[in-house]
Amino acid sequence: MNCVIIEDEPLAMERTVGYVRRLPALNLVATFDNALEALPILQSGTVDILFLDIHLGEFSGIQLLETSSVQAHVILTTAYPEYALRGYELSVRDYLVKPFSFERFVQAVGKVQAISQHKAQSDFAGIPPSQKTFFFVKTEHRLEKILFSELVYIEGMRDYRKIHCVGKTIMTLQTFGELEQEIPSHVACRVHKSYMVALEKIESIERERITLKHAGSVIIPISEGYKRQFFERIR
């Protein structure tokens, strides 16, 4: 997630920058010691999280939120706990009172990640199935977007599913049943207890074995239990 820090205290800035760099999920885009200089990037829609101090000289963090359209999740960082109520009235995601610990910082970032993931899933769920061109899978601590057009095949590996795409592979703990709910039947089909293939990537079928584009020398078997539904699907 792209983030920006607005902080006019050098030591506090150094601490927050250090915390951000310890989290692989965060990408520090810019730092500012005043709110006015940060306005263009905050209104661009490219920032996911804003770590915002309140006391910033002539133009405070509260004034920034009251007068400007900030298109980012805001986490306030301040030495003054009395502004907490006003902050929440302005829909900030969390309120960190200095000096805050790294553990408390991680908790605040986690709130934003959870909100972002829920929104992504909700927005995706609202798209009619016939218009969907992608799906999300849970991997590690994030949701990974996969285009239907890039999917090649999915391989079962004990507790994991290995999703082979054009140019990348993704590991997930989601089951085949969960993935089948996300991927339309005209896009991919289960052909074996351990395999699911993208129909448009099929090059040939010979003796109940499938050769796929972008799969190298891998041959996918068709098991007896899935044989009938697979051939009905491709017809």
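**Notes on a predicted model: strands, rings and charges**

1. Start with Lys168. This residue is partly exposed, because its relative accessible area is 28%, and buried would need under 20%. The model is a predicted one, so keep that in mind throughout. Lys168 forms a salt bridge with Glu144, and the closest N and O atoms are 3.5 Å apart. The two ends sit in distant parts of the chain: Lys168 in strand E10 (residues 168-172) and Glu144 in strand E7 (residues 142-147), 24 residues apart. Glu144 is buried, with a relative accessible area of 17%.

2. The whole structure has 11 of them. One joins Glu7 to Lys98, with 2.8 Å between the closest N and O atoms. Glu7 is in the loop between strand E1 (2-6) and H1, while Lys98 is in the loop between strand E5 (94-97) and H5, so this pair ties together parts 91 residues apart in sequence. Are these two residues buried or exposed? Glu7 is buried, at 3% relative accessibility. Lys98 is buried too, at 13%. Both belong to a network of salt bridges that links Glu7, Glu9, Asp53 and Lys98.

3. Look at Arg190, which has two contacts to check. A salt bridge joins Arg190 to Glu180, the closest N and O atoms being 3.7 Å apart. Glu180 lies in helix H6 (residues 176-182) and Arg190 in strand E11 (residues 188-192), so the bridge ties together parts that are 10 residues apart in sequence. Arg190 also lies over the face of Phe176, 4.1 Å from the ring centre. Arg190 is buried, with a relative accessible area of 11%. Glu180 counts as partly exposed, at 34%.

4. Another charge over a ring involves Lys145. Its charged end sits over the ring of Phe134, at 4.3 Å from the centre.

5. Now the aromatic rings. There are 10 aromatic pairs. In one of them, Tyr19 and Phe105 are tilted, with 5.4 Å centre to centre and 50° between the planes. Tyr19 lies in helix H1 (residues 10-21) and Phe105 in helix H5 (residues 102-125), so the pair ties together parts 86 residues apart in sequence. Tyr19 is buried, with a relative accessible area of 12%. Phe105 is buried at 0%.

6. Phe105 has another ring partner. How are the rings of Phe100 and Phe105 arranged? Their centres are 6.5 Å apart and their planes meet at 10°, so the pair is stacked. Phe100 and Phe105 are both buried. Ring pairs link Tyr19, Phe51, Phe100, Phe102 and Phe105 into a cluster.

7. Turn to strand E8 (residues 151-157). Five of its seven residues are buried, so the rest of the structure largely encloses this strand. E8 runs antiparallel to E9, and six bridges join them. Ile154 has Ile163 in E9 as its bridge partner. The two strands form a hairpin with two residues between them, and Arg158 in the turn has a positive phi of about 55°.

8. E8 also pairs with strand E12 (residues 195-198). Three bridges join them, and the strands run antiparallel. Here Glu155 has Tyr195 in E12 as its bridge partner.

9. Finally, the surface. Which residues make the nonpolar patch of about 370 Å²? They are Met157, Tyr160, Met171 and Leu173. Tyr160 is placed in strand E9 (residues 160-165). Tyr160 is partly exposed, at 39% relative accessible area.

Definitions and conventions. Residues are numbered from 1 along each chain as its sequence is written. This is a predicted model: local features need pLDDT of at least 70, side-chain atom pairs count only at pLDDT 80 or more; totals for chains, interfaces and linings use all residues. Side-chain values use heavy atoms; hydrogens and water are left out. Patches are made of residues with over 30% relative accessible area and no salt bridge: like charges are joined within 9 Å, nonpolar side chains (Val, Leu, Ile, Met, Phe, Trp, Tyr) within 5 Å. Accessible areas come from the Shrake-Rupley method with a 1.4 Å probe; for residues, only the protein chains shown count as cover. A salt bridge is a side-chain nitrogen of Lys or Arg within 4 Å of a carboxyl oxygen of Asp or Glu. Helices (H or I, at least four residues) and strands (E, at least two) are DSSP runs, numbered from the N terminus. Buried means under 20% relative accessible area, exposed over 50%, partly exposed in between (1.4 Å probe, protein chains only). Rings of Phe, Tyr and Trp (its six-membered ring) pair if their centres lie within 6.5 Å; planes under 30 degrees apart count as stacked, over 60 as edge-to-face and the rest as tilted. A charge sits over a ring if NZ of Lys or CZ of Arg is within 6 Å of the ring centre and within 35 degrees of the ring normal. Two strands pair if DSSP finds at least two bridges between them.
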